[in-house]
Amino acid sequence: MQSLDFSCYRNIVILTGAGVSAASGIRPFRGQEGLWNEINPLKSADSSVLQTNPLAIWQLFGTLRTQLETAQPNAAHLTLAKFEAGFSSSQQFTLITQNIDGLHQRAGSRNVIELHGNVNYTRCSNPTCSLTAYLDKSPHKDLLPICQLCNYPLRLDIVLFGEQIPAKKEWLAKRSLRDCDLFIAIGTSGTVWPAANFVRSANYVGAKTIFINLEPMKPKNPYFQEEYLGRAEELLPLLFNIDVTPH
Ligand SMILES: [Zn+2]
């Protein structure tokens, strides 16, 4: 496969989804292989469960925390980190991700907007509490952790069903799209939010738009100009012409 020439772009926005983390052993929530086919998200990942059974949320996502102790960033994460590292000071690069695993940062990506939060962080469920989100390795699957400042239950720093994307993150994502000249969606559906909305914005400002995913778009989203199909960890090093093999 021929690599693409990205050298003429000055303001690049990349959106990633579950397809980027699949090769790291992180199971997707949605789609054919998705966890939501086996687990009812309304009983373990809905914001209403914070009131009724908050430990159920820890039990579900605590497993992911444990997996992430040993999971490693794959060639897709490493390619995007190296791509960003090669940028000049006159270029802008924004990586927006739907993933909550933190693997982009572990691979070395710097300007990352985590739309749905990060499962590795814990915060207080009391919106007026002054506790800031902190890195926490414990899965808390057996005992509901309690905030030492206000005695409310602690929660994962992720966006649950029924919750909104934090305003700042949404604003940062929209701002990056406002003047981008290249938008690439990787490992996510091109026909639903956020990719479908983001590509529409990028197309409106005249950006080049590219879709990279294992599955083709169904139906095809006309705002994407190019489509490349395959596994992210195989396609990205080729398309971006970046060597991520360990030396
Ligand atoms: Zn608190």
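How many residue pairs are in polar contact between domain 1 and domain 2? The count is two residue pairs, both at pLDDT 80 or more. A polar contact here is a pair of N or O atoms within 3.5 Å; within protein, one must be able to donate a hydrogen and the other to accept it, and residues adjacent in sequence count only if both atoms are side-chain atoms.

The model is predicted: local features need pLDDT of at least 70, side-chain atom pairs count only at pLDDT 80 or more, and totals for chains, interfaces and linings use all residues. Residues are numbered from 1 along each chain as its sequence is written, and side-chain values use heavy atoms, with hydrogens and water left out.

Domain 1 comprises 1–26 + 73–116 + 165–247, and domain 2 comprises 34–70 + 120–158. These bounds come from an automatic or database domain assignment. The domain centres, taken over C-alpha atoms, are 28 Å apart.

Eight residues of domain 1 contact seven residues of domain 2 (heavy atoms within 4.5 Å). Between them the domains bury about 560 Å², 60% of it on carbon and sulfur atoms. Buried area is the accessible area (1.4 Å probe) that two parts lose on being put together, summed over both.

A zinc ion is also present, with Cys124 (SG), Cys129 (SG), Cys147 (SG) and Cys150 (SG) as its protein donors, lying 2.3 Å from it. Donors are N, O and S atoms within 2.8 Å of the metal (3.2 Å for Na, K and Ca). The spacing of the donor residues in sequence is C-x4-C-x17-C-x2-C.
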